[in-house]
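Hi everyone, thanks for coming. I'd like to walk you through one structure today, so please have a look at the screen.

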Amino acid sequence: MLPKEKVHKLREWMAERGIAACVVLSGDAHISEYEGEHWKSRRWITGFTGSPGTAVITLADAGLWTDGRYYIQAERELEGSGIRLFRMAEPGVPQWDEWLAEELPQGARMAVDGRTLSVSAMKGLQAKLAEKGIQTITDLDPVGAIWTDRPPIPAEPLMLHDEEYAGLSRVAKLEQVRQAMKRKGADYYVLSALDDLCWLFNIRGRDIPYNPYVTAFAIVGVHNAILFAGGHKATPEDKDTLARDGVEIREYDDILPFLQTLPEAASVLYDPNKTGYRLAAAIPDSARIIEAVGLVVALKSLKNEVEIRNIRDVYLKDAVALVGLFKWLQETVPVRPVTEVEADQKGLELRRQQPLFAELSFSSISAYGANAAMMHYSPSADHPVELEARGLYLLDSGAHFLNGTTDITRTLALGPLTDEEKRDFTLVLKSVIALSTAKFLYGSTGSTLDILARKPMWDNGLDYKCGTGHGVGYYSNVHEEPQRFSFKPNPVVLEAGMIITVEPGVYKEGRHGIRTENTLLITEDVTTEFGRFLKFENLCFLPIDLRAIEPSMLSGEELAWVNHYHAEVYDKLAPLLDEEHRLWLKRETAALVL
């Protein structure tokens, strides 16, 4: 069925039940950023394939809300669906819950799958709808009711993540969590976020593409821990290993009955931002609820010494693969057709040759020319686009290794560039340098520092409608909380041991998209009479295309940064390359002069 037909069928289902509106969220019962095929309800009903977005369907209207990274893509994919695009954050555009409150009549009934709506989001929604007495129905799955060929919940086996890579045993991590629970006065801790529980139990899986997760819930008690993943997901040997560490495995669907039978007056802790409303609603009314944001997040965001050592290693391995790819592109594009998909596949082939490679960490953005103006563009074999020996090619890609995760973007000059392309490329470079070289007082947040990257853009009347950087997980999600560089307020203090990307860009519809992305480790700098200062260590070492830089736009300090960075790139990568690739790298990292 086409989206228009699906919406019609959903409206018939709504009319039969007296429901005036349905909200279809992006996400699953674990409030994940990326979800398995079973949970892609919003994509199925609308046809919009971007990761963030919320659809609201009434009996007479329908809308999709998404952010600035996806405006161009959403316009194209919604065409002919009868679903309007609401450009979030633009002046005069209401949020979806505001629009819903305005559109629905007094006392109307609205349905949303309460498994996919967090406790915090539910509170906010109810506050918006309260004035009109709108009823919120959360025990139905509207899209699931009409999605007849829906894929099942993933059932891939789990894998134990060796302490050699993790740096801490699951026993040690559980002790850290129990100490935090004790400080909060909690008897039980409910975890539903997959990245949190996979980190805590030192397990990984293949239930979600590009995310090495096990679909599960978990309960940590004062003396026990239960993983609700399903007995079929672990071998007898792995079950024994987990049991020796105090972890019991039960069936996935046993989580609700377990919560419903918790002892009276038990103190139960959960993260309201990461716990589904229906899950929390299963906790007995007699329990004492403790809401605490980011208990595990705060622990795993600070990388231990083993993780940091391994992360340095994986970025070098990844760079070796990308050096091979970029050399191949330079030599191949002028002599035969190469598509965006082939370029991406070549990168995957070269990454697979690196030790401990597991899988890609996200679907690569392999975009030539104007396609790169779509921040989250995805190449298609059905509509192949050939790279030409002119203009710019953007590759945003990354990989999971057993000992870390990478995320890196480079924009390459495939041939002659316009003055505008070189100017924009150099402005992006200036933004990267400005933030990467920052030294800052402890207590600063990513929102405090974000302006450093935007200033070169704003000075020239440009901006990018997204954040400047995000945390990166450790053989985990490529977008890790809680740290981020963003124009939007973020109260999280930047700490030594956190990892964060810096990735400003210029995106001009119909012309080009440019992004340069490195990954940084926050480290100690100095402590003076004025306080404790932190700085950034570059983790990513890969050439920035010299052909695309306009040297006259760089200050002396910026020029020195480029040359020092490229000297480091050569020194770190040359010993890992054969003679042919070393010679190529030597040319790509030559000193830039005014």
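Which residue stands opposite Leu-394 in β20? It is Thr-411. Before we go on, a word on the model: it is predicted, so local features need pLDDT of at least 70 and side-chain atom pairs count only at pLDDT 80 or more, while totals for chains, interfaces and linings use all residues. Residues are numbered from 1 along each chain as its sequence is written, and side-chain values use heavy atoms, with hydrogens and water left out.

Let's stay with that pair of strands. Strands here are DSSP runs of E, at least two residues, and helices are runs of H or I, at least four, numbered from the N terminus. β17, residues 392-397, is joined to β20 by six bridges, and the two run antiparallel. They belong to an open sheet of three strands, ordered β16-β17-β20, with antiparallel pairing; two strands pair if DSSP finds at least two bridges between them. β16 (365-368) and β20 (408-413) are the edge strands with a single partner each, so one side of each has no neighbour in the sheet. From one strand to the next, the twist averages 10 degrees. Helix α15, residues 340-352, packs on this sheet and touches β16, β17 and β20, its direction making about 140 degrees with that of β16. Contact means heavy atoms within 4.5 Å, and angles run from 0 to 180 degrees between N-to-C directions, with axes fitted to C-alpha atoms, for helices over the stretch in contact.

Now to the other sheet on my list. This one is open too, with six strands in the order β4-β3-β2-β1-β5-β6 and mixed pairing. At its edges are β4 (84-87) and β6 (135-137), each with a single partner strand, so one side of each is left without a neighbour in the sheet. Here the twist averages 20 degrees from one strand to the next. β5, residues 109-112, runs parallel to β6 and is joined to β6 by three bridges, and Arg-109 stands opposite Gln-135 in β6. Helix α1 (residues 3-17) lies across β1, β2, β3 and β5, at about 60 degrees to β2.

What about the inside? The largest nonpolar core has 84 residues, and those with the most contacts inside it include Leu-329, Tyr-393 and Phe-536. Such a core is a set of buried Ala, Val, Leu, Ile, Met, Phe, Trp, Tyr and Cys residues joined through side-chain atoms within 4.5 Å. Buried means under 20% relative accessible area, exposed over 50%, and partly exposed in between, with a 1.4 Å probe and protein chains only. Helix α14, residues 305-332, gives the most to this core, with 13 residues. Leaving aside neighbours within four places in sequence, Leu-329 is in contact with Pro-334, Val-338, Ala-343, Leu-387, Tyr-393 and Leu-412.

Is Lys-317 buried or exposed? Lys-317 counts as buried, because its relative accessibility is 9%. Not counting residues up to four places away in sequence, Lys-317 touches Gln-354, Pro-355, Leu-356, Phe-401 and Asn-403.

Last stop: helix α18. Its buried residues include Trp-561, Tyr-565 and Leu-573. The face turned away carries the exposed residues Glu-557, His-564 and Asp-571. Among the elements that the buried residues of α18 pack against are α14 and β20.
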